[in-house]
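Dear colleague,

Please find below the structure I promised to hand over. My notes on what was found in it follow directly after.

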Amino acid sequence: MLVGHLGRIFAVVSGKGGVGKSTLTCGLGIQLAKQGKKVLLIDADEGLSCLDIMLGVTENMVFNLSDVLEERCAAENAVYSSPMGVDFIGAPSAFGEIDQEKFMSLCGELRKKYEYIFIDSTAGIGRGFKAAVACANEIIVVVSADAVCIRDAARVNDIIDDMDGEKSCRMVINRFDRRYMKRKDIRAIDEIIDETGIQMLGIVPFDRKIMKVGAPLLKGKAASACGRIVKRICGMNIALKKLKWL
C-alpha cells in the first residue's frame, strides 16, 4: 500500500436477514487477499457475530469492536489474523455498543493501514446499519431474488440516498438458483435492477456445500463469482456470466 493512500471502505448491508451477507463479506475479502491485497473485515453485527466462526479465529479472540470504541484496548489489540489471509475485528457481544462518531473515527484511522475494509452490517435499517453506512465510502446491498427481499432492498437504497446521495451503491444477488426462474418463483435479473434502482455488481450462485460447512469456500462456482466481483471492484471490466453457467 502506497504511503498516504487511503483504503476503500465498504458497508455490506441487506434489508432482511438470511441472504448470506456475512458469507459474501468473507468471500469477497478472501478473494482480494488472494490477489495480495491488505484486507480487514469488521463484524458490526452487534450481538449476532459470526465472521469469527467463518474465519476460524474464535478461540484467539479476547477483544472486540466495542473494546476499541470504548478505549479498553488499542485497535491493533483487537485485530486478529485469520488463516484465510484477511485481518478481522469482532462484533460487540451486546446490542447498542457501536457509537457512530467513534466508529467513523476508527475507520478513518484503519483505512490508512488497509487497502480494503469491509464492514459486515446488521440486517435491516436500524442504528447499526446507519453507523456502517456512515463509515463507508461504498455500499454493497445483498439481496436474494424473492419479492420481499427486493422490496426491502429498494427501501434500503432510498435510505442510503437520503443519508448521502454521493455514496456508491451497488447490488449483489446472492444464493441465486436459475432453476427457480423457470418456475417463476423468483424475479428475473432485469426486474430486480428496475425494482431496486441499484446498479448490479455481481451474481453469486447458490452452493449447497457452503450451507453444509457454514463458511465461504476457496473453490467452486460461488468462489469464482466472488473472484469476478472483486475484479470489478478493482476496476476491471468483467462481464456478468450468462445465467445458464450459474
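In these notes a residue is called buried under 20% relative accessible area, exposed over 50% and partly exposed in between, with a 1.4 Å probe and protein chains only. By that scale Arg175, at 33% relative accessibility, counts as partly exposed.

The model is a predicted one, in which local features need pLDDT of at least 70 and side-chain atom pairs count only at pLDDT 80 or more, whereas totals for chains, interfaces and linings use all residues. Residues are numbered from 1 along each chain as its sequence is written, and side-chain values use heavy atoms, with hydrogens and water left out.

Helices (H or I, at least four residues) and strands (E, at least two) are DSSP runs numbered from the N terminus, and two strands are taken to pair if DSSP finds at least two bridges between them. On that basis there is an open sheet of eight strands with mixed pairing, in the order β3-β4-β2-β5-β1-β6-β7-β8. Its edges are formed by β3 (80–81) and β8 (199–205), each of which pairs on one side only. Strand β7 (residues 168–176) runs parallel to β8 and is joined to it by five bridges, with Arg170 standing opposite Gln199 in β8.

Helix α1 (residues 21–34) lies across β1, β2, β5, β6, β7 and β8, and runs at about 170° to β5; contact here means heavy atoms within 4.5 Å, and axes are lines fitted to C-alpha atoms, for helices over the stretch in contact, with angles from 0 to 180 degrees between N-to-C directions.

Rings of Phe, Tyr and Trp (its six-membered ring) pair if their centres lie within 6.5 Å, and planes under 30 degrees apart count as stacked, over 60 as edge-to-face and the rest as tilted. A search of the whole structure finds two such aromatic pairs. In one, the ring centres of Phe10 and Tyr116 are 6.5 Å apart and the planes lie at 25°, so the pair is stacked; it links Phe10 in strand β1 with Tyr116 in strand β5, 106 residues apart. Phe10 and Phe118 are also stacked, at 5.0 Å centre to centre and 15° between the planes. Phe10 and Tyr116 are both buried, as is Phe118, and the ring pairs link these residues into a cluster.

Finally, two backbone angles deserve a look. Most residues other than glycine have a negative phi. Glu71, in the loop between α3 (65–69) and β3, has a phi near 60°, and is exposed at a relative accessible area of 72%.
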